[in-house]
Amino acid sequence: MGPEVDVAIVGAGPAGAASALYAARAGMRVALFDRAAFPRDKVCGEGIMPPGRRVLEELGLLAPVLEAGAHDLRAVEFGLAGAPARRIAFPAPEAAGPTASVFGLGVRRLAFDALLVEHAAAQPGIAFHPSTAVAGITPGNGSPPLVRTSAGDVAAGHVIVADGLHSSLRHQLGWTVGPRPPHRYGVMAHWTVDRPQDPWIGITISAGLEVYEAPVGPHERLVSILCHRSRMRAFGGNLAREYRSIVDDLVPGLAGAELTGEVRAIGPFNYRARTVARDRVYLVGDAAGFVDPISAEGLAAGLTQARAVIAALRDPHPERAYRRAHRRLTRDPRRVSALLVSLASTPARAARGIRGIDRRPALMAALLGINFGYWGFDRISVRDWIRLLAGR
């Protein structure tokens with residue numbers, strides 16, 4: 001018996017919805033499942049770096065996302081608590097044409113996810129099944145894989161798993177590795193501000209934690225705290241109060257702003273997968289492995305992997321093609337994330353790194369370009385490494 005659909009996709013977040021849209025554009029029959037009903041909110045950094053913005057342009061979704069309130073991101077501003085901040089503009093890819101955008105986007109996941117699934121559900125080739133849990137996947141072993149859902153079993157030519165950082169399906173398949181140390185966590189909430197929004201991501205580094213802030217709408221700002229397990233213990237039993245205390249202390253620019261919604265936590269982050277493709281099952285987005293939100297590449301990574309997995313399905317050897325594409329897309333950004341986690345682990349290390357960047361500001365732009373996939377680590381010289389690690 002042949003498959004009922006060409007592609008079954010589990011998880012209708014950005015990676016899963018974008019996979020469905022790319023598959024439908026390629027003429028495939030798609031079933032898209034999510035256990036949640038939409039709109040639904042999600043704990044997330046809510047920043048889309050420039051490569052993800054270009055995916056939205058390809059899918060014809062950039063204009064609707066901007067109309068829904070997304071905010072341009074053009075730079076990163078960072079520094080130690082109590083010290084002046086440095087601002088570095090996002091670099092441009094060297095092969096970009098004159099009209100190519102080098103900006104990112106700050107997006108509210110509540111609106112962004114709803115918009116993506118709305119567009120996916122409107123496509124003739126996509127059958128969207130919200131409020132439908134997937135209990136497991138039976139790999140094909142020569143026959144179509146079987147997706148076991150709360151609404152019945154579905155045979156699919158290929159199955160794409162995009163069910164997030166703590167993917168239950170990745171774990172069921174025996175592909176989960178981790179979480180690996182260092183164990184890091186995030187605490188986040190949204191703030192309403194009555195002033196013009198700055199188009200950059202702000203990063204403040206303090207003892208044992210970093211505070212990230214970014215615009216995610218005309219008058220809405222996301223403020224997240226990232227920290228190691230030892231620092232996370234202080235949040236025990238008083239998550240909202242400790243969060244508010246840290247933000248009041250380290251983000252004075254929010255004076256007069258209103259904390260809206262609940263304070264939420266997520267982590268640990270550092271998961272890997274033994275493989276991202278086998279037996280016609282593929283992992284995309286955070287389900288395929290995630291290091292840390294410190295580099296803000298998570299949403300863009302999920303969107304670019306969605307493009308890559310559907311391109312791989314047209315290859316004579318799709319699993320191998322996707323494994324290669326995934327390695328190419330994620331290897332250097334993962335190294336950037338690990339480097340930044342190390343540099344931010346203590347104020348002394350961060351101070352040395354900032355001194356090195358002060359000596360050569362192009363060094364931070366080079367790291368951003370590596371994270372965006374514009375070039376590789378050969379852009380950084382031995383002398384640059386000395387500046388970054390020793391501050392000299």
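Does F372 count as buried or exposed, and at what relative accessibility? At 7% relative accessibility, F372 counts as buried, since buried is the word for under 20% relative accessible area, exposed for over 50%, and partly exposed for anything in between (1.4 Å probe, protein chains only).

Before we go on, note that this is a predicted model, in which local features need pLDDT of at least 70 and side-chain atom pairs count only at pLDDT 80 or more, while totals for chains, interfaces and linings use all residues. Residues are numbered from 1 along each chain as its sequence is written, and side-chain values use heavy atoms, with hydrogens and water left out.

Now to the rings. The structure holds 8 aromatic pairs; rings of Phe, Tyr and Trp (its six-membered ring) pair if their centres lie within 6.5 Å, and planes under 30 degrees apart count as stacked, over 60 as edge-to-face and the rest as tilted. In one of them, F38 and F128 have ring centres 5.9 Å apart and planes at 65°, so this pair is edge-to-face. It joins distant parts of the chain, because F38 and F128 are 90 residues apart. Both F38 and F128 are buried. Next, find F372 again: its ring and that of Y374 have centres 5.5 Å apart and planes at 70°, so they too form an edge-to-face pair. Y374 counts as buried, at 16% relative accessibility. Ring pairs also bring F90 and W375 together with F372 and Y374 in a cluster.

Finally, look for charges over rings, where NZ of Lys or CZ of Arg is within 6 Å of the ring centre and within 35 degrees of the ring normal. R379 lies over the face of W375, at 3.9 Å from the ring centre, and R87 lies over the face of W200, at 3.5 Å from the ring centre.

Technical notes
Helices (H or I, at least four residues) and strands (E, at least two) are DSSP runs, numbered from the N terminus.
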